[in-house]
Amino acid sequence: MGALQSLSDEPEYRELAEKTGFSFEQIGILHKRFKQLSHNEDMLRRADLDTIPDLACNPIRTQIIEAFFDKRNFHQNGDGTVEEISFEEFLVVMSHFRPPALNMTEDQREKVRREKLRFLFNMHDTDNDGTITLEEYRHVVEELLSRSGALGKETAKGIADAAMLEVASISIGHMEPDEFYEGITFEHFLKILKDIEIETKMNIRFLNMDTTTLCK
Amino acid sequence: GDFFLMLIRFLRFVFVGIGLPIEASAPAYQSHGTEGSHLTNITNTKKAFPVLAVNYEHVRKPFEIALWILLALLMKLGFHLIPRLSAVVPESCLLIVVGLLVGGLIKVIGEEPPVLDSQLFFLCLLPPIILDAGYFLPIRPFTENVGTILVFAVIGTLWNAFFMGGLLYALCQIESVGLSGVDLLACLLFGSIVSAVDPVAVLAVFEEIHINELVHILVFGESLLNDAVTVVLYNLFEEFSKVGTVTVLDVFLGVVCFFVVSLGGVLVGAIYGFLAAFTSRFTSHTRVIEPLFVFLYSYMAYLSSEMFHLSGIMALIACGVVMRPYVEANISHKSYTTIKYFLKMWSSVSETLIFIFLGVSTVAGPHAWNWTFVITTVILCLVSRVLGVIGLTFIINKFRIVKLTKKDQFIVAYGGLRGAIAFSLGYLLSNSHQMRNLFLTAIITVIFFTVFVQGMTIRPLVELLAVKKKKESKPSINEEIHTEFLDHLLTGVEGVCGHYGHYHWKEKLNRFNKTYVKRWLIAGENFKEPELIAFYRKMELKQAIMMVESGQLPSVLPSTISMQNIQPRAIPRVSKKREEEIRRILRANLQNNKQKMRSRSYSRHTLFDADEEDDVSEVRLRKTKMEMERRVSVMERRVSVMERRVSVMEREGRWRGRVSVMEREGKCDGEGG
């Protein structure tokens, strides 16, 4: 990863800009942040992200941090997790949260939607077998409700079960009593969340980030 | 009203002629005037004892009001019985036409048709509509677009008012028009009255076209929030036109006034909202009057802010929005339904009456017609609206993630309807304005144009342009889970970026809400419940009520996928015989409960809303039974591990035969338990 050492060079930025779609300005800001988080090193580790105080009270922080180190999100057809990431990989993960451009064709929007939903799917499918099983879904709901104490666990199970039922009935419709629904595949996931218009919701404004107000 | 007096006189004449002992007399319990009249009564010849007496004066006022409302509702009923009519013409147009007819009828008889009294309008007819809108305001789209809405409401309305006022003044300067007496301030006053988009008209028309959420909330939000601007501009120009001159200080005070009016209104509304939420915390023993608290606190908020010349509409909206989450956590399901239906009912009646009265008032006059002025007003209205929307959208789109497309802009511009508020404000103008009649006529023409032409053509235009429509949304628990998941995800990623954005502050507000506010305003332990669980319970309750009402046992979901398909081998089967027994007992219980429900006495002080909860608990019992069965099984863990391996092998496709054998073995093991 030595080639990406001095990112103040124009050609490096240009390559990244082409790959991820960020503007030079945005790449510059994100690079400053990356350096701040990794204490001016080249590689970012999990421990660096753990120290962010804003993430402390977030119920799904482990999943968020894991998403940054998940090779499936690096668009290189990789698998598994890594221990540390470079700035390029950081940027690629961040590019999932870019808002779609104004004049996109329906096909392009569909592509963006798939990409973002794939990111979500990867967050849920922790064992990387291509389906979200009932156990994994239960875990997701439990984490979401992890702040409400003991009462949360039982209800979480109920909610996850109801949600799974809903997916099965929408995607498959009718099943014999002894058939088994293994888990939510990516296609089913797309189907149940198609109304949520994710390309307009899963975005962060990268324009007006003021690095001077960044946290310690 | 006088019509009926004539009718009574006519009847009396007829009956006295025939000689029946019928009398129209003073009310039975009124004091008998002076001694003199009493004496003269005795000296009169003794009449027959009045068996039947007609006394219209006694009930006149309530009778007339009730009759008007009944007429309005019968008209509404009539429209919906004619199939083709309601699909082509929006209800508001039909009601205005009815008003015109009724007004014409009254005039023909020779009576004075009643004009829409401004006080009646602002104090009685407008609040229910606004409260209905505010209480059921969809919060998420509103807060996501609040910046855009405010820009349209404030800057858009200001632009409209000044553009129209200025150009009309320029028009009046032209000699041929014959209006050279009109000064700039009067024109600006007129401009400010006509420039505001009207919430009643927008609601009436947009409700029928089912447009997508974004455009709907933009136009609707704008119509609500521009009230503050209208109030300030109206009062400002009214004051100025009396004085005649404007200084810089006055303009500055006007700006300050705007902030006071809008923020003050919101503050008043919020205070009453919190009071209502706090009160609802203690109503668990007096469920019957719960809805009244909601209505009364909101109405008080409206009246209090009108008292201080603050924006009553914004107060109502703020009150409804603030109070809703807490009140809904405290009140019973029945009270919630009551509130919902009463609000819809009242706002429907109000809306109907407003449109009919608009028609009647048009016939009543007084009118002063000036072709140039009126036509120019209508054209300028459209032009300024279109220019305003295009210009503002150009600026706004630089700051929005979801940009407004040309189609959206068109609907926002075309949906800027004017309505009864403009008319009432015009009517409020004191008679000292020499242009009052002209202004009123112009206002009515603009209203007619927007409601009839724009209102009728907007539906086919929406179809023609293929604008996105509202999606049919069934509450989906997956969507709810992922909405909440997304919230946390985006907050987290913002944290990683170091960006104190939208989600960061939203999260802070939520946390503040949960730790401090909810604790005070929500009864019992409910305040700790996170939104997802509340949503899930509501869905469960709804499903259970549906099942109970349809009289079926909660056996299999309509899609024929049940828990078995997701966790097939984990549920140990209860023996067939035992299951039948349990079913029989549950069925008998259900019948018992249904009979009990119907024969319970209705007491003034308590509503047995324990009814529903009983049946729901039956359903819950069955669910818990299934839960327990699952938990009791020792094989659960082992079976699920086996399953994993099995499903992997299944995919390889080679072991289908082996799998079914293993399934049967697993089932047999579970059966014993």
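Author: We begin with the term itself: on a 1 Å grid over the protein atoms alone, a cavity is a set of points where a 1.4 Å probe fits but cannot get out, whereas a pocket is an open set with protein on both sides within 12 Å along at least five of seven lines, and lining residues have an atom within 4 Å of a point. This is a predicted model, in which local features need pLDDT of at least 70 and side-chain atom pairs count only at pLDDT 80 or more, while totals for chains, interfaces and linings use all residues. Residues are numbered from 1 along each chain as its sequence is written, chains are lettered from A and ligands numbered from 1 in the order in which they are written, and side-chain values use heavy atoms, with hydrogens and water left out.

Reader: How many residues line the second largest pocket, and which lie nearest its centre?

Author: The lining has 41 residues, and B:Glu64, B:Ile65, B:Trp68, B:Leu120 and B:Phe357 are those nearest the centre.

Reader: At what angle do the axes of α3(B) and α5(B) cross?

Author: Axes are lines fitted to C-alpha atoms, for helices over the stretch in contact, and angles run from 0 to 180 degrees between N-to-C directions. The axes of α3(B) and α5(B) cross at roughly 130 degrees and come within 11 Å. Angles under 35 degrees count as roughly parallel, over 145 as roughly antiparallel, 65 to 115 as roughly perpendicular and the rest as oblique, and α3(B) and α5(B) are therefore oblique to each other.

Reader: Which residues of α3(B) and α5(B) meet?

Author: With contact taken as heavy atoms within 4.5 Å, B:Trp68, B:Leu71, B:Met75, B:Lys76, B:Phe79 and B:His80 of α3(B) meet B:Glu91, B:Leu94, B:Leu95, B:Val98, B:Val102 and B:Ile106 of α5(B). By class, this contact of α3(B) with α5(B) has nine nonpolar, one polar and two charged residues.

Reader: How do α10(B) and α19(B) cross?

Author: The axes of α10 (residues 199-209) and α19 (residues 436-465), both of chain B, come within 10 Å and cross at roughly 30 degrees, which makes α10(B) roughly parallel to α19(B). In their contact, B:Val205, B:Phe206, B:Glu208 and B:Ile209 of α10(B) meet B:Gly455, B:Ile458, B:Arg459 and B:Val462 of α19(B).

Key. Helices (H or I, at least four residues) and strands (E, at least two) are DSSP runs, numbered from the N terminus. Ala, Val, Leu, Ile, Met, Phe, Trp, Tyr, Cys and Pro count as nonpolar, Asp, Glu, Lys and Arg as charged, and the others, Gly among them, as polar.
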